[in-house]
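Here is a friendly walk through the packing inside one protein model. Please keep the sequence and the 3D view open while you read.

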Amino acid sequence: MPDRARPIRTSALPAALVAAGLLLTACGTTPGPDRPAGARAPQAAKTAETPEKAEKAEAAATLGGPGSACALPVSFALAEGWKPEAIKDPEDPEFAALTRQGPAVVRCEVDAKPSGNIGYLRVWTAGKGPARTALEAFVKAEKGSSKASYRETEAGTLPATEVTYTVHNELMEESKEERAFAVSTPKGTVIVHLGGLDTGEHRAMLPAYELAKSTTKVL
């Protein structure tokens, strides 16, 4: 991890990435003082909720295409209130602990706070190769990850691999649910990851994640 005494240049990384990378991994189910006004309190984990049963989100914008906030190998729809921001200079080795995970480099972060949740969608890219191989390495590289369950699915009309897994926070002595999907493109593998403050927030954001997955297209 980078030296915590050394200030991170916010011009090089969006504040949302710094907050999510350093705050969300250290937080438990109790919301901090920065919870936006009107945000829902974290929900208790549900044992039977699945993406198919979650309510659907309506598309309000498209990310990845010409003129969008992030230049990506794919495009997908964003739910209302989700705010995208490109990661500036993600290859800078000074911020590798925040911008790299296994074979992947983060390119874009979509903040859920304006929609009332504490969480994000992050878009990562890796080299060419099987989507599952990159996704497995991505999950393995996340500290505290376990109980990964992979499945072959579709993202839009593209073959995709999806994973649901658990991340344990040693500081808070609790775990939370995470998930991501990966697709192969002519420009390499793209991984779209949904993270949140806790499992309750994660599951509340599933409609936005499912919207992104169901509308993914190669550019």
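The largest nonpolar core has 28 residues, and those touching the most other members are L63, F76, W82, L121 and V183. A nonpolar core here is a set of buried Ala, Val, Leu, Ile, Met, Phe, Trp, Tyr and Cys residues joined through side-chain atoms within 4.5 Å. Buried means under 20% relative accessible area, exposed over 50%, and partly exposed in between, with a 1.4 Å probe and protein chains only. At least two residues of this core come from each of β2 (74–79), β5 (104–111), β6 (119–126), β8 (158–169), β9 (174–185), β10 (188–196) and α5 (206–214). Helices (H or I, at least four residues) and strands (E, at least two) are DSSP runs, numbered from the N terminus.

Please bear in mind that this is a predicted model: local features need pLDDT of at least 70, side-chain atom pairs count only at pLDDT 80 or more, and totals for chains, interfaces and linings use all residues. Residues are numbered from 1 along each chain as its sequence is written, and side-chain values use heavy atoms, with hydrogens and water left out.

Which residues does W82 touch, not counting residues up to four places away in sequence? They are V110, D111, A112, S115, Y120, L121, L194, M205 and A208, where contact means heavy atoms within 4.5 Å.

Helix α3 (residues 131–140) has A131, A134, L135, F138 and V139 as its buried residues. Seen down the axis of α3, these buried residues fall within an arc of 130°, so they line one face of the helix; the arc is that of the directions from the helix axis to the C-beta atoms. In general, an α-helix has 3.6 residues a turn, so residues three or four places apart point the same way.

Now to the aromatic rings. Rings of Phe, Tyr and Trp (its six-membered ring) pair if their centres lie within 6.5 Å; planes under 30 degrees apart count as stacked, over 60 as edge-to-face and the rest as tilted. By this rule there are 2 aromatic pairs.

| Pair | Type | Centre to centre | Angle between planes |
|---|---|---|---|
| W124 and F138 | edge-to-face | 5.1 Å | 70° |
| F181 and Y209 | edge-to-face | 5.8 Å | 65° |

The pair of W124 in strand β6 and F138 in helix α3 links distant parts of the chain, 14 residues apart. W124 is buried, with a relative accessible area of 3%, and F138 counts as buried at 0%. The other pair also links distant parts of the chain, with F181 in strand β9 and Y209 in helix α5, 28 residues apart. F181 is buried at 1% relative accessibility, and Y209 is buried at 0%.

Next comes an open sheet of 3 strands, in the order β1-β2-β11 with antiparallel pairing; two strands pair if DSSP finds at least two bridges between them. Why is one side of β1 and of β11 left without a neighbour in the sheet? Both β1 (59–63) and β11 (217–218) stand at the edges, each with a single partner strand, so one side of each has no neighbour there. The antiparallel pairing of β2 and β11 runs over 2 bridges, and S75 stands opposite K217 in β11.

Finally, S68 is found in the loop between β1 and β2 and is partly exposed, at 22% relative accessibility.
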